[in-house]
Amino acid sequence: MTTMEVDPADYGYHDNHHGHGQHGDHLHGSHGDAGKTSDDYAAEAMAADMDRWITFDARVKDLSDLDPWLNKFAPSKVMREDGVGWIAVRAESDVDDPLQDLVHLQEGWENLKHSGRAINLETITSLALNNHCTVGKWLFHVEDGFKVDYAWSAIARGVVEGKLGSCAKVSPASKTPDAERRHVVCVYNMNYTNKDEVWLLENAIRHVGIKCPMSYKPDAYTYLGIYRKNKWGLRPTIYHSDFDVSKGSSVIAPCF
């Protein structure tokens with residue numbers, strides 16, 4: 001496995017609108033995950049997607065409205081049990097790919113599973129490219145309370161101001177007792193096969209102050225139900241990023 005260091009100097013919604021690529025991600029990390037299966041993760045993600053989204057859409061809202069919105073809908077204040085699946089922001093430049101074809105992506109996936117061919121990143125990427133399903137996201141987990149509100153505010157502001165990603169989302173809080181409950185934050189770009197684009201987004205996320213470990217996942221994996229503990233033995237993320245504070249740079253490693 002090779003690693004690469006990425007230095008920052010190298011790279012100079014209205015409710016219920018999901019937008020492109022914003023589907024099916026594991027909501028929280030906790031001790032309760034130990035007994036879960038891949039199907040459990042998929043069902044949990046689908047349930048969140050089907051529930052209400054609280055979205056700030058920069059295409060129809062003014063930047064001056066962002067601060068009040070962030071305060072009102074801080075992820076530590078919004079409860080999953082109140083029917084909210086995600087809190088999200090969309091950049092003014094965000095667009096949905098009209099050529100994206102999820103029906104044929106699923107058909108191709110079923111054919112692949114019964115073809116005897118290898119099921120790996122290469123064959124799934126071929127399906128994704130053929131059906132214009134190339135959106136991907138960097139995701140990270142952060143503790144509830146002040147930490148998630150601070151991190152989400154930095155990410156949301158960066159997206160709305162056009163400084164990073166096309167859109168982003170964060171999971172709401174939960175009333176379920178769990179001392180280690182965390183939120184997941186996802187930040188999207190349009191093409192996971194474009195490494196420069198993926199590295200630029202990682203760098204932009206680091207620039208707004210996020211230093212925790214991050215992973216990168218193609219949305220095609222999400223659409224096809226590929227989560228942790230899947231029966232094909234695939235890792236659902238394809239890159240991992242650690243930030244080296246002493247060097248002021250990230251170390252990004254492939255993990256497929």
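Predicted model: local features only at pLDDT ≥ 70, side-chain atom pairs only at ≥ 80, totals over all residues.

Biologist: How are two packed helices described?

Modeller: Two packed helices are described by the angle between their axes and the distance between the axes. Helices (H or I, at least four residues) and strands (E, at least two) are DSSP runs, numbered from the N terminus. Axes are lines fitted to C-alpha atoms, for helices over the stretch in contact, and angles run from 0 to 180 degrees between N-to-C directions. Here, α3 (residues 102-113) and α4 (residues 121-130) have axes that come within 9 Å and cross at roughly 150°.

Biologist: How are α3 and α4 oriented to each other?

Modeller: Angles under 35 degrees count as roughly parallel, over 145 as roughly antiparallel, 65 to 115 as roughly perpendicular and the rest as oblique. The helices α3 and α4 are therefore roughly antiparallel. The crossing also has a hand: left-handed if the near helix is turned anticlockwise from the far one by less than a right angle, right-handed if clockwise. In this model α3 passes α4 in a right-handed crossing.

Biologist: Which residues of α3 and α4 make the contact?

Modeller: Contact means heavy atoms within 4.5 Å. From α3 come L105, G108, W109 and L112, and from α4 come T123, I124, L127 and A128. Sorted by class, this contact has six nonpolar, two polar and no charged residues. For these classes, Ala, Val, Leu, Ile, Met, Phe, Trp, Tyr, Cys and Pro count as nonpolar, Asp, Glu, Lys and Arg as charged, and the others, Gly among them, as polar.

Biologist: Which residues of α4 are buried?

Modeller: Buried means under 20% relative accessible area, exposed over 50%, and partly exposed in between (1.4 Å probe, protein chains only). In α4 the buried residues are L121, T123, I124, T125, L127 and A128. They pack against α3 and α7 (219-223).

Biologist: What caps the N-terminal end of α4?

Modeller: N120 does, with a side-chain oxygen 3.1 Å from the backbone nitrogen of E122. G233 sits in the loop between α7 and β8, and it counts as exposed at 63% relative accessibility.

Biologist: Which residue just after α4 has a positive phi?

Modeller: That is H132, whose phi is about 55° although it is not a glycine. H132 lies in the loop between α4 and β4 (136-143) and, at 33% relative accessibility, counts as partly exposed. K229 also has a positive phi, about 65°, and is not a glycine; K229 belongs to the loop between α7 and β8 (239-244).

Biologist: Is K169 buried or exposed?

Modeller: K169 counts as buried, at 0% relative accessibility. This lysine lies in strand β5 (residues 167-170). Its side chain makes a polar contact with the side chain of Y188, at 3.2 Å. A polar contact is a pair of N or O atoms within 3.5 Å; within protein, one must be able to donate a hydrogen and the other to accept it, and residues adjacent in sequence count only if both atoms are side-chain atoms.

Biologist: How do I read pairs that are separated along the chain?

Modeller: Compare the separation in sequence with the distance between C-alpha atoms. M190, in the loop between β6 (182-189) and α6 (195-207), is 53 residues from K137 along the chain, with their C-alpha atoms separated by 8.7 Å. V251 of strand β9 (residues 249-254) and S241 are 10 residues apart along the chain, with 5.6 Å between their C-alpha atoms.

Key:
Residues numbered from 1 in each chain as written. Heavy atoms only, no water.
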